[in-house]
Amino acid sequence: MAGKPKNVPLQRIRNIGIIAHIDAGKTTTTERILFFTGRTYKIGEVHEGAATMDWMEQEQERGITIVSAATTCFWEPHFEVHLEKAPYRFNIIDTPGHVDFTAEVERSLRVLDGGITVLDASEGVQSQSETVWRQADKYNVPRICFINKMDKLGADFFATVQDIREKFGVTPAIMVLPMGAENNFDGVIQLLERKALFWEDKSEATEPDVKEIPEEYKARVEELRAQLVEQIAETDDALLEKYFAGEELELNELKAALRKAVINYQLVPVYAGSSLKNTGVQPVLDAVVEYLPSPVDIDHITGTNPKTKEEETRKLIPEEKFCALAFKIQTDPHVGRITYTRVYSGTLESGTYIYNSSTDTKERVGRLLLMHANEREEIAKAQAGEIVAIVGLKNTKTGDTLCDDTNPIVLEGITFADPVISLAIEPRTKSDQEKMGMALAKLSEEDPTFAIKSNPETGQTIIGGMGELHLEILVDRMKREFKVDANVGTPQVAYRETITQVAEAEGKYIKQSGGRGQYGHVWLRIEPKDRGTGYEFVNAITGGVVPKEFIKPTDKGVQESLERGFLAGYPMSDVKVTLYDGSYHDVDSSEIAFKMAGSLAMRSATAKAGMMLLEPIMKVEVSTPEEYMGDVIGDLGSRRAQIQGTTTRGSVVIITALAPLAEMQGYVTQLRSMTKGRASSVMLPSHYDFVPNNITEKIVAEHKSHQNS
């Protein structure tokens, strides 16, 4: 299959992503897919640091995926399928499972048509799988599940299926029955086809032996098959009639109805196997062909016309006007800045100009590349349904829409979470200072959850991210890729400030000093808003008491003061500010005077509004052997955690809790020593909540002494 890709019709394209919890075997599964589709000749192993898709040094050292890599490969169905038997083009995006890299997952899901969710047979549905599943729900991505690691100790297929039903809230359609588990896992039985697939346990043996179903499984297969047929029939009226009439339903009509049901999110097919042992992967690849949508099934995409603000649609075909979404920016050492793009409609040719409707600018397409992890192949044009990398775009960011300037459209962008943790960073030498500015700018272009700001009081640069690992890897990349030597402070929690009461105040900025004076005067009302709703500015001026041209500067003054905070120097959020009165002077009023007045009014108003600190609360999930359960819960209690619940899976207890990030630093090390290295934990941002008074007082006191020193 190597060599130049053949032009495959749209209905034979699948844009898929592999999404999962950290360590569920996602990258290993991708490696197997690349091997079976003839994209790689040797199987790369994650634990040997040689996985094709994990090509960054940091990924190979840590054995985790950080950057979602895009690749193209071809698959000809292995078994009998109800669609045409020909090469299908898979554009695969391997996404990271670690919560710190949630932006990578979010942006990949935005451009996928279907997903394979990989689950660990012994762990079931873990918290991060739930988070990723919800992200996929947000973008309506049809999925199939692959229960991996069936050969692992504690593997339990049916308990994991039950988890899918309860935690994901979907109807799983069991497609295969695993034969045995743990060391006795031999293969799977395809229920619809009634075929048993055995894999020999050798690293070379990748092809399954297709045999008759062993006697001991026959009754169970018939029972599960009847259940599956009923599930499929219930999604299709015509089939349901035949089913109730007692007619035999043909294999192809069952598969065609299941395809429809998967695309409409009614059923989620479930497969099983062990990627590491090359077992059970081919049926999943056939399932991608049979049940996940092609661009044709999705039919059209909706966006807004930037000029008329009306809703518009684009058919996902090459004959339509061009539109695409930039979902990832990467700095490549050989080529420079690469923009990963999903082409939704029309065609895109290298050397042409395209219009960025999100920023209202024109961009030139230098070259078009088809990416295979870190290898690349140059192509002359790309059309609807493809995922390609563009070289040469200068002002395009993640989430921007690219289109034809005669028919502009803006597609729904991509939303990202705010950083929860930050640290101070300063260059060691003068030459590092220049390099650091450039490195930070490039890294923040690539990663929308990476925030940079400078602290005016200390002159330090503060970087923010989604977790300690996230920041550690960004600092590491700065050293390696951009050769920046920097001193790094300890991670700090990203607190926020907010108000609890309504308050009103006046802001007056008047300066008379020979010549022209300054005059700005406003009345503001501030009100608390719901958690996580951010900032809102309302202009309630009537009768022109504050002229139009001074409204925006007032808002700007308010926003700048919110950024600095009033209690302990943290940004303020969840506040509504209404400008309802004021006055002006014909000669002396200026934009700067109203900006100052807005800032002064905020200072007075917040003093009366019951200021409080907010802190990020994390959802913590700990898997621990039963004997350490008491110690783990006790330790979490001492960290101000609220235990949400515990569930038992075999001899392991899974504890879920909500805990303030401030108390969770160094938790992993503490947990390891407490459980002799046998427990593991996952932490993901949940929400912001009030900081207890005694702790607030301490933080405010520290801030004041810091200011005075």
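Trainee: How do you know where helix 7 begins and ends?

Mentor: Helix 7 covers residues 237-244, and its limits come from DSSP runs, where helices are H or I of at least four residues, strands are E of at least two, and both are numbered from the N terminus. Just after helix 7, G246 takes a positive phi of about 80°. Residues are numbered from 1 along each chain as its sequence is written. Because the model is predicted, local features need pLDDT of at least 70, and side-chain atom pairs count only at pLDDT 80 or more, while totals for chains, interfaces and linings use all residues, and side-chain values use heavy atoms, with hydrogens and water left out.

Trainee: How are helix 6 and helix 8 placed, and what follows for the name of their arrangement?

Mentor: Helix 6 (residues 218-233) and helix 8 (residues 251-263) pack at an angle of about 60°, with their axes 9 Å apart. Helix 6 and helix 8 are therefore oblique to each other. R225, V229 and I232 of helix 6 meet L254, A257 and L258 of helix 8. By class, this contact of helix 6 with helix 8 has 5 nonpolar, no polar and 1 charged residues.

Trainee: What makes helix 15 and helix 16 roughly antiparallel?

Mentor: The axes of helix 15 (residues 629-638) and helix 16 (residues 667-674) come within 10 Å and cross at roughly 150°. Helix 15 and helix 16 are therefore roughly antiparallel to each other. The contact is made by D631, V632, D635 and L636 of helix 15 together with Y667, Q670, L671 and M674 of helix 16. Among these residues of helix 15 and helix 16, the classes are 5 nonpolar, 1 polar and 2 charged.

Trainee: How do you know that strand 8 and strand 9 pair?

Mentor: Two strands pair if DSSP finds at least two bridges between them. Strand 8 (residues 187-190) and strand 9 (residues 195-198) have 4 bridges in the antiparallel sense, and the bridge partner of I189 in strand 9 is A196. They form a hairpin with 4 residues between them, and R194 in the turn has a positive phi of about 55°. Strand 9 also pairs with strand 10 (residues 209-211), in the antiparallel sense over 3 bridges, and there A196 stands opposite K211.

Trainee: What joins strand 17 to strand 18?

Mentor: Strand 17 (residues 353-356) and strand 18 (residues 361-364) pair in the antiparallel sense over 4 bridges, with I354 opposite E363 in strand 18. Their hairpin has 4 residues between the strands, and D360 in the turn has a positive phi of about 60°.

Trainee: Why are strand 31 and strand 33 said to stand at the edges?

Mentor: They belong to an open sheet of 4 strands in the order 31-32-34-33, with mixed pairing. Strand 31 (503-511) and strand 33 (535-539) each have a single partner strand, so one side of each is left without a neighbour in the sheet. The twist averages 25° from one strand to the next. Strand 31 runs antiparallel to strand 32 (residues 518-528), joined by 9 bridges, and K508 has H521 in strand 32 as its bridge partner.

Trainee: Which strands does helix 13 lie across?

Mentor: Helix 13 (residues 551-564) lies across strand 32, strand 33 and strand 34 (575-583), running at about 155° to strand 33. Helix 14 (residues 591-607) lies across strand 31, strand 32 and strand 34, at about 40° to strand 32.

Key: A polar contact is a pair of N or O atoms within 3.5 Å; within protein, one must be able to donate a hydrogen and the other to accept it, and residues adjacent in sequence count only if both atoms are side-chain atoms. Axes are lines fitted to C-alpha atoms, for helices over the stretch in contact, and angles run from 0 to 180 degrees between N-to-C directions. Angles under 35 degrees count as roughly parallel, over 145 as roughly antiparallel, 65 to 115 as roughly perpendicular and the rest as oblique. Contact means heavy atoms within 4.5 Å. Ala, Val, Leu, Ile, Met, Phe, Trp, Tyr, Cys and Pro count as nonpolar, Asp, Glu, Lys and Arg as charged, and the others, Gly among them, as polar.
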